[in-house]
Amino acid sequence: MTGKSNWPAHIEDEGLAGAFIEAIRKRKENDKMRPPESRYHPAFYASSEKDDCHRIIVTNASLPSKYSYQHKGTDVLLLPDNVIFSNITPRRVNALLDYIFGKPCSQAFSVYPCPYSSLVLVCGHGNKDRRCGTIGPMLQKSLQQAASQDEEGNHVQIALSSHLGGHAFAGNVVIYTHHGQRAIWYGRVTPCYCKDIVDNTLEDNKVIEDLVRGIFEVRSKPSKCHKALEW
């Protein structure tokens, strides 16, 4: 949660995102067994080793850090757990990963529930790809305008993010609903779809089939996604 959108082309080369990516890479190399469960959400282990159910993605977002007060400290949002850690610096990354995965940790962390019932991330990483840098802010504005007309009173936050993958699919939009428990990834989104996304996907749990690239849903009992998806 960087409060800006002019990230360098390769976020792995600097700052907090770079520290997370490097720490996760080293842990994957050293950990030959299946990853430990998160203290917030027990992992679902697939029956096949080919199932990519443990992929961890590090993304910058234009959301401001609202809880961090220490010098160079930054808020970190963990999804799908939907919690925010404050005052995270590159030096605290390894300790935070230990804390998340229930390993012995000598540091204490301040943890806050994410205040958004739905979060929409729009790829606006212009230094990575011009198409994303052009269409991203346009989609963010159109989605904000459509969401402002939402009469249901849902707390929706719409932010730009660093590269989500798939330049050919710009604009890329990932929609987290049910407090982070469900994510729908849309590609080739243009402003004309934004009202449909708000009215159908955010409000009525309906998938726009022409746009969908993938769907993620936490498997829990009972399911926190109280309403099934419709196509």
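A charge is said to sit over a ring if NZ of Lys or CZ of Arg is within 6 Å of the ring centre and within 35 degrees of the ring normal. In this predicted model, where residues are numbered from 1 along each chain as its sequence is written, local features need pLDDT of at least 70 and side-chain atom pairs count only at pLDDT 80 or more, while totals for chains, interfaces and linings use all residues. Side-chain values use heavy atoms, with hydrogens and water left out. By that definition, the charged end of Arg213 sits over the ring of Phe169, 3.8 Å from its centre, and the charged end of Arg213 also sits over the ring of Trp185, at 4.2 Å from that ring's centre.

The sheet comes next. Helices (H or I, at least four residues) and strands (E, at least two) are DSSP runs, numbered from the N terminus, and two strands pair if DSSP finds at least two bridges between them. Here 3 strands form an open sheet in the order 1-2-3, with antiparallel pairing. Strand 1 and strand 3 stand at the edges, each with a single partner strand, so one side of each is left without a neighbour in the sheet. Neighbouring strands of this sheet are turned by 30° against each other on average, direction ignored; axes are lines fitted to C-alpha atoms, for helices over the stretch in contact, and angles run from 0 to 180 degrees between N-to-C directions. Strand 1 and strand 2 run antiparallel and are joined by 4 bridges, and Thr74 stands opposite Ile88 in strand 2.

Helix 2 lies across strand 1, strand 2 and strand 3, and runs at about 155° to strand 2. Buried means under 20% relative accessible area, exposed means over 50%, and partly exposed lies in between (1.4 Å probe, protein chains only). Because 7 of the 8 residues of helix 2 are buried, this helix is largely enclosed by the rest of the structure. Those buried residues are Val93, Ala95, Leu96, Leu97, Asp98, Tyr99 and Ile100, and they pack against helix 1, strand 1 (74–78), strand 2 and strand 3, where contact means heavy atoms within 4.5 Å. Helix 2 is followed by Gly102, whose phi is positive, near 70°.

How many aromatic pairs does a search of the whole structure find? The search finds 3, counting rings of Phe, Tyr and Trp (its six-membered ring) as paired if their centres lie within 6.5 Å, with planes under 30 degrees apart called stacked, over 60 edge-to-face and the rest tilted. Phe85 and Tyr99 form an edge-to-face pair, 6.2 Å centre to centre with 90° between the planes. This pair links distant parts of the chain, 14 residues apart, with Phe85 in strand 2 (residues 83–88) and Tyr99 in helix 2 (residues 93–100). Both Phe85 and Tyr99 are buried. The rings of Tyr99 and Phe109 have centres 5.4 Å apart and planes at 50°, so their pair is tilted. Since Tyr99 lies in helix 2 and Phe109 in the loop between helix 2 and strand 3 (111–113), the pair ties together parts that are 10 residues apart in sequence. Tyr99 counts as buried at 18% relative accessibility, and Phe109 counts as buried at 12%.

Finally, Gly15 lies in helix 1 (residues 15–30) and is partly exposed, with a relative accessible area of 47%. Gly15 and Thr89 are 74 residues apart in sequence and 8.5 Å apart in space, C-alpha to C-alpha.
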